[in-house]
Amino acid sequence: MAAPEKAAAPATAAPASSAEDAELLAALGYEQRFDRKVSLWGNFALGFVYLSPLVGVVSLFAIGLSTAGPPSIFWIVVIGVGQLLVALVFGEVVSQFPLAGGLYQWSRRLWNGRYAWFTAWTYISCITIGITSTALFSSDFVASLFGGTAAQPGVSSTPGQRLVIALAVTAFCLVCNAFGTRVLALISKIGLAAELIGIVLVGLYLLVFQRHNPVSVFFDGMGTGGAGGYFGAFMAASLVGLFLYYGFEACGEVAEEVPNPARSIPRAMQLTVVVGGLAAILAFAGYALAAPDLTAIVSGADTNPIPAILQNSIGTVGTKLVLVVTLTSFIAGVLSQQAAASRIVFSFARDDMFPGSRVFSQVSRRHRVPVNALLAVNVVPVLIFVFVYFSPDSLVRIAAFQVLAGYAAFQLVVLAALRMRLRGWRPAGAWSLGRYGLVVNIAALVYGVLAMVLLAAPTGDADTPFVDRWIALIGFLVVSAVGLVYLLAAKPERKSTAPEGDALEVAARLRARATAKEGIGS
């Protein structure tokens with residue numbers, strides 16, 4: 001066991017925490033420094049708005065239909081099942097290690113500091129781009145809200161408008177995050193309510209009252225296969241599901257701000273995947289069946305069809321209201337991504353594994369937020385906003401790398417969990433899969449590898465430039481190479497005295513504690 005964490009700077013008040021939660025945290029080598037004010041529903045809301053099925057569907061709807069037609073909806077189901085397997089594995093790990101920093105801490109305790117550093121580097125790269133792409137994708141909806149008309153409800157933002165809107169969204173979310181866990185949880189719940197209103201009410205209304213297409217269209221590729229056959233087109237449409245299902249891990253990034261995290265966080269993760277998937281299916285199906293000109297969307301002639309579908313179905317006022325709901329979801333998504341990224345940077349720095357660790361491991365006295373880490377994770381997004389202003393076509397390429405990096409970070413944790421299981425680890429948290437754990441772990445790894453292959457596969461046709469076709473893989477390899485060079489040259493793991501590779505020992509201690517408590521209770 002490593003030396004205990006250095007004492008925090010004096011605070012104006014002790015953080016809100018139950019004695020049992022603080023005791024478990026101390027047993028894992030850390031002291032309580034956050035307020036535990038995020039309830040189960042607040043934690044679920046945080047993951048849900050990060051996953052954001054509403055944002056995912058409105059962003060990917062036209063891409064999915066133009067790639068493989070209406071059957072692309074089935075990827076939401078396929079990927080949802082695979083990601084649920086990953087969420088189950090994460091649930092067992094976070095139940096034993098409910099620590100701020102999520103993927104970084106899980107990798108560290110399941111393997112070692114060096115492995116954890118690379119996992120965190122990959123994940124921070126992903127989530128940083130996530131802040132960027134979510135803020136930038138919101139710009140067209142802001143433009144449609146304030147500039148759309150009944151004749152042209154869907155409006156694309158100019159590069160200048162996109163830059164200003166993205167900066168404004170990021171700054172607003174940064175200020176909200178700085179006010180602490182309670183504000184984060186509140187806005188996450190508002191975002192959750194907005195998502196459910198935007199999906200359930202609007203989706204059901206479209207399905208029941210505004211259907212222009214039969215359900216059978218979901219089994220009709222509508223000519224998207226072309227000369228190369230439909231199978232290739234359908235596989236390319238996997239992005240509809242792959243781009244949608246990540247964000248549930250954010251529930252674990254704030255583990256030290258959640259009461260009884262060993263039980264509540266696994267449930268929140270699973271709820272995020274299941275409810276998010278069902279909501280996405282409802283939204284996608286509603287928009288597809290209500291589209292007045294589905295052929296134009298499938299052919300690629302209509303690249304921004306959602307506002308037009310809404311205008312045709314619920315009129316100008318209804319469309320504006322739905323756009324407000326959608327923007328609320330975008331804002332809540334950026335907010336949750338900032339929170340997750342700042343906690344992993346804080347956790348990194350707390351273990352002396354990050355440049356400027358003393359600065360980034362600080363927690364504000366009043367609101368108990370890692371403000372310096374929060375500021376740091378927004379620097380790269382601002383720089384990318386400026387880059388996209390000068391190169392507007394680069395946004396899709398940036399987003400492609402983001403998702404591959406996220407899946408890679410997930411699978412590094414899944415692999416570490418499987419390795420430790422094969423060495424005899426039996427998760428000892430309050431939530432466990434029991435005898436099914438090994439089978440689920442193997443299935444999650446197989447799924448994850450296949451998903452990464454799909455994400456890394458070339459896009460476009462033979463006339464597409466080489467870099468554009470392989471942009472996701474190239475971006476991932478470049479970021480990975482930079483991370484490995486720094487890891488091998490700087491050797492940050494040597495500066496850290498934090499616990500690592502101790503999953504077996506911690507499991508034994510937790511079981512001994514549970515047995516002792518049962519003995520006292522009897």
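The model is predicted, and the protein chain in it has 23 helices and 0 strands. With a radius of gyration of 23 Å, close to the 24 Å that the globule rule gives for 522 residues, the chain is as compact as a globular protein of that length.

**Overall build**

- The C-alpha trace of the protein chain, followed along its principal axes, spans about 70 × 50 × 45 Å.
- Of the 522 residues in the protein chain, 57% are buried.
- When contacts between residues at least 6 apart in sequence are considered, 84% of them join residues that are at least 24 apart.

**How helices α2 and α9 cross**

- Two packed helices are described by the angle between their axes and by the distance between those axes.
- Helix α2 covers residues 40-51 and helix α9 covers residues 181-209, and their axes come within 8 Å of each other while crossing at roughly 60°.
- Angles of 65 to 115 degrees count as roughly perpendicular and those under 35 degrees as roughly parallel, and α2 and α9 are therefore oblique to each other.
- The crossing in which α2 passes α9 is left-handed.

**Residues in the contact**

- On the α2 side, the contact is made by Trp41, Gly42, Phe44, Ala45, Leu46, Phe48 and Val49.
- On the α9 side, the contributing residues are Leu184, Ser188, Lys189, Gly191, Leu192, Glu195 and Leu196.
- Sorted by class, this contact of α2 with α9 has 9 nonpolar, 3 polar and 2 charged residues.

Definitions and conventions
Residues numbered from 1 in each chain as written. Predicted model: local features only at pLDDT ≥ 70, side-chain atom pairs only at ≥ 80, totals over all residues. Heavy atoms only, no water. Axes fitted to C-alpha atoms, helices over the stretch in contact; angles between N-to-C directions. Helix = DSSP H or I, 4+ residues; strand = E, 2+ residues; numbered from the N terminus. Parallel < 35°, antiparallel > 145°, perpendicular 65-115°, else oblique. Left-handed = near helix turned anticlockwise from the far one by under 90°. Contact = heavy atoms within 4.5 Å. Nonpolar A, V, L, I, M, F, W, Y, C, P; charged D, E, K, R; others polar. Rg over C-alpha atoms; globule rule 2.2 N^0.38 Å. Buried < 20%, exposed > 50% of the residue type's maximum accessible area, 1.4 Å probe, protein only.
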